[in-house]
Amino acid sequence: MVAVEDVSYDFGHAFRVRPRASGVPCARRRSSLWEGAVGGASGTKVELKAGSVANSKGDVEKLLGRLDGSGSQDEYDAAAELRRILGSELPVYLLAKFRTSRKWQARCACVFRALPYARDSEDAVTLGREVIRDRSRVVRYRAGMLLAYSQRVGVIPELREILKQKGRGPEMDDVRAALDALEAKNPNYYVDRDHSGMVTMTIA
């Protein structure tokens, strides 16, 4: 089997699909970002790490604003700095940014950056649950990936209800794949939709 690495939107975290299972890439209310992050899904107040270069809410908002889904070096650098400053609390801020982002590219960037936190962060899972209903199919694709990787079985009833309400057309393929991965307890099934065993998903 030839391994093909999906590098269409690989900024700071490993994401590989072997072989490539999809051609889907991820290619304003500014004042509310910080306020929304203070509560988050878990209600946890976030404190910036001591000694941080970016040590004010304005600095964090500027870094979040650079997560635009462009795949540029500038976006890569901003994401790395946010991870350094916020650590495991980054999903709180990504959730807040998603809720205020009008462009699908920025919303997709929020989901992508939250992927590595999906198994440990309630805010990351909340992001996935909200994004799975997004109007952009590209964004929904990443949301389904996040939920599949999270392996949170509590999401299963919600995905079933979405399918019940929205029907079973091709636009719901990603919801079905996420549900399949959760029910089978195998996140690889999100990208290995034929259950061939030849496709794996690695997020680190």
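**Salt bridges and a helix pair**

In this predicted model, Asp74 is partly exposed, with 39% of relative accessible area. Its salt-bridge partner is Arg66, and the closest N and O atoms of the two sit 3.0 Å apart. Arg66 counts as partly exposed too, at 28% relative accessibility. Side chains of opposite charge can pair up when their charged atoms come close. The count of such salt bridges comes to 11.

Next up is a pair of helices. The axes of α7 (residues 137-150) and α9 (residues 173-183) come within 9 Å and cross at roughly 5°. Angles under 35 degrees count as roughly parallel, so α7 and α9 are roughly parallel to each other. On the α7 side, the contact is made by Arg137, Arg140, Tyr141, Gly144, Leu147 and Ala148, while α9 brings in Asp173, Asp174, Ala178, Ala181 and Leu182. Sorted by type, the residues of this contact come out as six nonpolar, one polar and four charged.

Two of these contact residues, Asp173 and Arg137, also form a salt bridge, with 3.7 Å between the closest N and O atoms. Asp173 belongs to α9 and Arg137 to α7, so the pair ties together parts that are 36 residues apart in sequence. Asp173 is partly exposed at 28%, and Arg137 is partly exposed at 39%.

Helix α9 has another tie. Glu183 and Arg160 meet through their side chains in a salt bridge of 2.8 Å, N to O. Glu183 lies in α9 and Arg160 in α8 (residues 156-166), so this pair links parts 23 residues apart in sequence. Elsewhere, Arg129, Arg133 and Glu158 are joined in a network of salt bridges.

Definitions and conventions: Residues are numbered from 1 along each chain as its sequence is written. This is a predicted model: local features need pLDDT of at least 70, side-chain atom pairs count only at pLDDT 80 or more; totals for chains, interfaces and linings use all residues. Side-chain values use heavy atoms; hydrogens and water are left out. Axes are lines fitted to C-alpha atoms, for helices over the stretch in contact, and angles run from 0 to 180 degrees between N-to-C directions. Helices (H or I, at least four residues) and strands (E, at least two) are DSSP runs, numbered from the N terminus. Angles under 35 degrees count as roughly parallel, over 145 as roughly antiparallel, 65 to 115 as roughly perpendicular and the rest as oblique. Contact means heavy atoms within 4.5 Å. Ala, Val, Leu, Ile, Met, Phe, Trp, Tyr, Cys and Pro count as nonpolar, Asp, Glu, Lys and Arg as charged, and the others, Gly among them, as polar. A salt bridge is a side-chain nitrogen of Lys or Arg within 4 Å of a carboxyl oxygen of Asp or Glu. Buried means under 20% relative accessible area, exposed over 50%, partly exposed in between (1.4 Å probe, protein chains only).
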